[in-house]
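Have the coordinates open while you read.

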Amino acid sequence: MASLSHFLLLCFSSLLYLTHISQAHSFQLPNSLLLPITKDVTTLQYVTKIRHGTPLIPIKLVVDLGGPFIWTDCASRYISSSSRPIPTRSIKCSRAKSHDVGSKSSFLSTTQTCELFPQNRITRMTTRGELVEDIIAVQSTAAGAITTVHDFFFSCGPTSLLHGLVGGAKGMLGLGRTRISLPSQISTALGTHQKFTICLSSSDGIMVSDQGNYDSTFGNEISRSLMYTPLLTNQGDDNSLQEYFIGVKSIKINGKRLSLDGDGIGGSKLSTIVPYTTMQSTIYDTIIRAYVKAASSMNMTRVAPVSPFGLCFNSKGIDGTDLGSKVPIIDLVLQSETVMWRIFGRNSMVRISNEVMCLGFLDGGLNPKTSIVLGGYQLEDMLLQFDVGTSMLGFSQSLLMRQTSCSNFKLDSWAGE
C-alpha cells in the first residue's frame with residue numbers, strides 16, 4: 001500500500017511539473033519550438049513575435065543572433081499581472097549578470113531592483129534597465145500546440161532605446177551564448193540540449209529550438225547534408241563570449257585562393273543585425289581586385305558603384321540560374337579544404353535595378369574588432385544549426401541547390417500574423 005501511495009505521489013508531482021513548463025493541448029514535452037522570422041524590406045532587419053505576460057499579448061522584436069538576452073520597452077506597453085522585478089541581492093540577479101564580466105556585482109549594487117543594461121546593438125545605444133521575470137508562450141511543431149515557459153527573464157529598457165528599430169518593434173530578442181538568452185532559458189526550462197536552428201529568408205524564415213530530430217521540419221535530405229565547423233571566441237571583440245564566430249582560414253574566388261597578409265583571417269562573426277558582410281579594408285581590397293579579374297573573364301561589365309556598395313556591374317546579359325546570377329563563386333575555407341562556406345550569386349549580388357547589381361560586401365575599415373562579419377544577406381536560404389552545448393555550427397549549402405528556400409518552411413498557422 002505504501003509503495004502504491006509513493007507511485008501516485010510521483011505521478012502527481014510529474015504532472016505538476018509538466019503543467020508548469022508546457023500548457024499545450026496535452027501534458028507532454030513539446031516537439032520543436034518555432035518562431036517565425038520575417039525580413040523588413042526597408043530596414044533589412046529580421047523580426048519575430050513572441051507572446052508574453054498575463055494576459056498573453058504578442059510583441060514584435062528584432063532578432064539579434066549575438067544578443068545576450070531579450071529586452072523590451074516596458075513603459076509603453078500594458079502592465080502584465082504576472083511580471084515580477086528581480087531583487088538586486090538575489091541568486092537570480094547574479095545568474096542574469098554572469099554573461100557580463102564588466103558588470104557590477106549584484107551584492108554591491110545600491111539599487112533595490114536588479115540592474116541589467118540593455119543595448120540597441122543597431123544604434124549601439126546602451127542604457128540602464130531592470131531585470132524582470134514573466135511568462136512567454138511559443139508555438140510548437142505539434143499541431144496547434146503552444147508551450148508556456150514561466151519565470152522567463154527580460155530586461156526592461158526605456159522607449160528611447162527603440163530608436164533605429166523597425167516600426168512597431170518593442171525591443172530585441174537575443175539568441176547569444178549567455179545563460180539568459182532565449183535558447184538558453186528555453187533549454188533550461190524544458191531540460192533539453194541547448195541547440196537551435198535558424199533559416200533566414202528575404203521574406204519569411206524560421207527559428208527552431210532543439211527537441212531532437214529536425215527531419216520533420218526541414219526534411220531528411222537537408223538535415224543530413226549539414227557540414228560542421230567549431231564555434232570560436234574572438235580575442236579582439238568584447239562580446240566574443242556571447243556571439244558566434246567561425247574560423248575562416250582562406251578565401252577563394254572561382255576556385256583560386258587569394259593571397260592575404262598575416263596568419264589567416266581568424267574569427268569571423270555571424271550577425272543578423274548587419275545587413276551585408278563587412279570586411280577589414282585590406283581583406284576587402286584583395287577580394288575586390290580578385291573579383292574584378294574573375295568577373296572580367298566572365299565578360300561582366302563594371303559600372304559606377306551605388307552606395308553603400310563599392311563594386312557594381314551591369315546586369316544585362318548575365319545569365320540567371322537557380323542559385324542567382326551566374327557570377328564568380330566565393331568560397332570561405334574553414335578548418336580544411338573539404339569544409340567550405342560557398343557563396344553563389346543569390347547571396348553575393350544585390351540587385352539595385354533592372355540594369356545594375358552590386359557585390360554585397362562592404363569595407364569595414366582598417367581596424368574593426370572583427371576582420372569579417374557575415375551579414376544577414378549572406379546567411380539567407382541556408383540552414384544554420386547552432387549547437388551551443390558542443391560549440392559547433394552545422395550549416396547547409398544554399399537551399400536553392402535543392403529547389404527550396406527558407407520561406408518554404410513557413411507554417412500555415414502564421415499566415416496573416
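The link between cysteine 312 and cysteine 358 is right-handed, with 95° about the S-S bond. Cysteine 312 sits in strand β20 (residues 312-314) and cysteine 358 in strand β26, so this pair ties together parts that are 46 residues apart in sequence. One thing to keep in mind as you go: this is a predicted model.

How buried are the two ends of that link? Cysteine 312 counts as buried at 1% relative accessibility, and cysteine 358 is buried too, with a relative accessible area of 0%. As for the cut-off, buried means under 20% relative accessible area.

Now for the rest of the set. Searching the whole structure turns up 4 disulfides. Counting bonded cysteines along the chain, the pattern reads 1-4, 2-3, 5-8, 6-7.

| Disulfide | S to S distance | Torsion about S-S |
|---|---|---|
| cysteine 74 and cysteine 156 | 1.9 Å | about -80° |
| cysteine 199 and cysteine 406 | 2.0 Å | -75° |
| cysteine 312 and cysteine 358 | 2.0 Å | 95° |

Take cysteine 74 and cysteine 156: the torsion about their S-S bond is about -80°, so that disulfide is left-handed. Cysteine 74 lies in the loop between β4 (71-73) and β5 (84-85), while cysteine 156 belongs to strand β9 (residues 146-157), so the pair ties together parts that are 82 residues apart in sequence. Cysteine 74 and cysteine 156 are both buried.

The link of cysteine 199 and cysteine 406 is left-handed as well, with -75° about the S-S bond. What does this pair tie together? Cysteine 199 is in strand β11 (residues 195-199) and cysteine 406 is in the segment after β30 (392-395), so the joined parts are 207 residues apart in sequence. Cysteine 199 is buried, at a relative accessible area of 0%, and cysteine 406 also counts as buried, at 0% relative accessibility.

On to the empty space. Rolling a probe the size of a water molecule over the atoms shows where empty space is left. The count comes to 3 cavities of 30 Å³ or more. The second largest cavity has a volume of about 40 Å³. It is lined by 10 residues, and the closest to its centre are Pro183, Ser187, Lys195, Ser209 and Asp210. Which helix gives the most to that lining? Helix α3 (residues 182-190) does, with 3 residues. Sorted by class, the lining of the second largest cavity has 2 nonpolar, 6 polar and 2 charged residues.

Technical notes:
Residues numbered from 1 in each chain as written. Predicted model: local features only at pLDDT ≥ 70, side-chain atom pairs only at ≥ 80, totals over all residues. Heavy atoms only, no water. Disulfide = S-S within 2.5 Å. Helix = DSSP H or I, 4+ residues; strand = E, 2+ residues; numbered from the N terminus. Buried < 20%, exposed > 50% of the residue type's maximum accessible area, 1.4 Å probe, protein only. 1 Å grid on protein atoms, 1.4 Å probe; cavity = no way out; pocket = protein on both sides within 12 Å on 5 of 7 lines; lining within 4 Å. Points joined across faces, edges and corners; volume = space filled by probe spheres on them. Nonpolar A, V, L, I, M, F, W, Y, C, P; charged D, E, K, R; others polar.
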